[in-house]
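User: I would like to go through the labels used for this protein and see what each one rests on. Please set the values against the cut-offs.

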Amino acid sequence: AAVIRLDRSGAITYMNDSAAMLTGRGTPEAQEADYTDLTPTQSHHELKEAFLAALNGETVAGREITIIDRDCHEINCEFSAVPSWKGAEPDGCFLICRDAEEKTRLESELKISRLKEEEATAKLNKTIQYLEEFSIMAVRRELKMQEIRERLTGLKKDPGLKKNPFDRTA
């Protein structure tokens, strides 16, 4: 996870290696920059709200924001804001970010897998239906064959029946 520490003013004071990779900036480069430098305007409110909650000692989890890397590419992130304490008072916060692109990709793969599972289940149910119909047909055929055998056996035992039905002399 990417970890960014902000002081009470919102200045970046620390970034771990994951945060540096995510943002394209390291701690020395980002140091003293404001957290809003990492996000587009539409994400400022969400991030500020979480930052202020952390300064009040609250933990905010599971939010989504967009981060802008050094090359101005937007990266969707899921983040949490956790207060950092100095004595009894919060003196800033830690932002813990995770690339949400991976989460989105996994959710998409899961959705596709579920659709494939539903499709396979439908095919399996259709196959079962065909097998049931086939087995009913096979049983009916066997019953019909048994009925024909019984008729033939009955005809053989009938004394009034000619030995050769094609023989017209008898």
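User: Which residues touch the most other members of the largest nonpolar core?

Analyst: The model is a predicted one. Its largest nonpolar core has 25 residues, and those touching the most other members are Ile4, Leu6, Leu22, Phe79, Ala81, Leu95 and Cys97. At least two core residues come from each of strands S1 (2-7), S2 (12-15), S3 (60-68), S4 (74-86) and S5 (89-99), and from each of helices H1 (17-23) and H3 (41-55). Helix H3 gives the most, 6 residues.

User: What makes a set of residues a nonpolar core?

Analyst: The members must be buried residues of the listed kinds, Ala, Leu, Ile, Phe and Cys among them, joined through side-chain atoms within 4.5 Å.

User: What does Ala81 touch, leaving out residues up to four places away in sequence?

Analyst: Ala81 touches Ala50, Ala54, Glu58, Thr59, Val60, Phe94 and Leu95.

User: Why is Cys77 called buried?

Analyst: Its relative accessibility is 0%. Buried means under 20%, so Cys77 counts as buried.

User: And why is Cys72 called exposed?

Analyst: The cut-off for exposed is over 50%. Cys72 has a relative accessible area of 61%, so the label is exposed.

User: How many disulfides does the structure hold, and how do you know that Cys77 is in none?

Analyst: The structure holds 0 disulfides. For Cys77, the nearest cysteine sulfur is that of Cys97, 5.4 Å away. A disulfide needs two cysteine sulfur atoms within 2.5 Å, and therefore Cys77 is not paired.

User: Where does Met145 lie, and why is it called partly exposed?

Analyst: Met145 lies in helix H4, residues 100-157. Its relative accessibility is 35%. Partly exposed is the range between the buried limit of 20% and the exposed limit of 50%, so Met145 counts as partly exposed.

User: Which residues make the nonpolar surface patch with Met145?

Analyst: Ile148, Leu152 and Leu155 make the patch together with Met145, and its area is about 330 Å². Patch residues need over 30% relative accessible area; Met145, at 35%, is therefore past that cut-off.

User: What is the overall pattern along the sequence?

Analyst: The protein has 4 helices and 5 strands, in the order β-β-α-α-α-β-β-β-α. Buried residues are 27% of its 170 residues. Of the contacts with a separation of 6 or more, 42% are between residues 24 or more positions apart. The protein exposes about 12,100 Å², and carbon and sulfur atoms supply 55% of that area.

Conventions: Residues are numbered from 1 along each chain as its sequence is written. This is a predicted model: local features need pLDDT of at least 70, side-chain atom pairs count only at pLDDT 80 or more; totals for chains, interfaces and linings use all residues. Side-chain values use heavy atoms; hydrogens and water are left out. Buried means under 20% relative accessible area, exposed over 50%, partly exposed in between (1.4 Å probe, protein chains only). Patches are made of residues with over 30% relative accessible area and no salt bridge: like charges are joined within 9 Å, nonpolar side chains (Val, Leu, Ile, Met, Phe, Trp, Tyr) within 5 Å. Accessible areas come from the Shrake-Rupley method with a 1.4 Å probe; for residues, only the protein chains shown count as cover. A salt bridge is a side-chain nitrogen of Lys or Arg within 4 Å of a carboxyl oxygen of Asp or Glu. Contact means heavy atoms within 4.5 Å.
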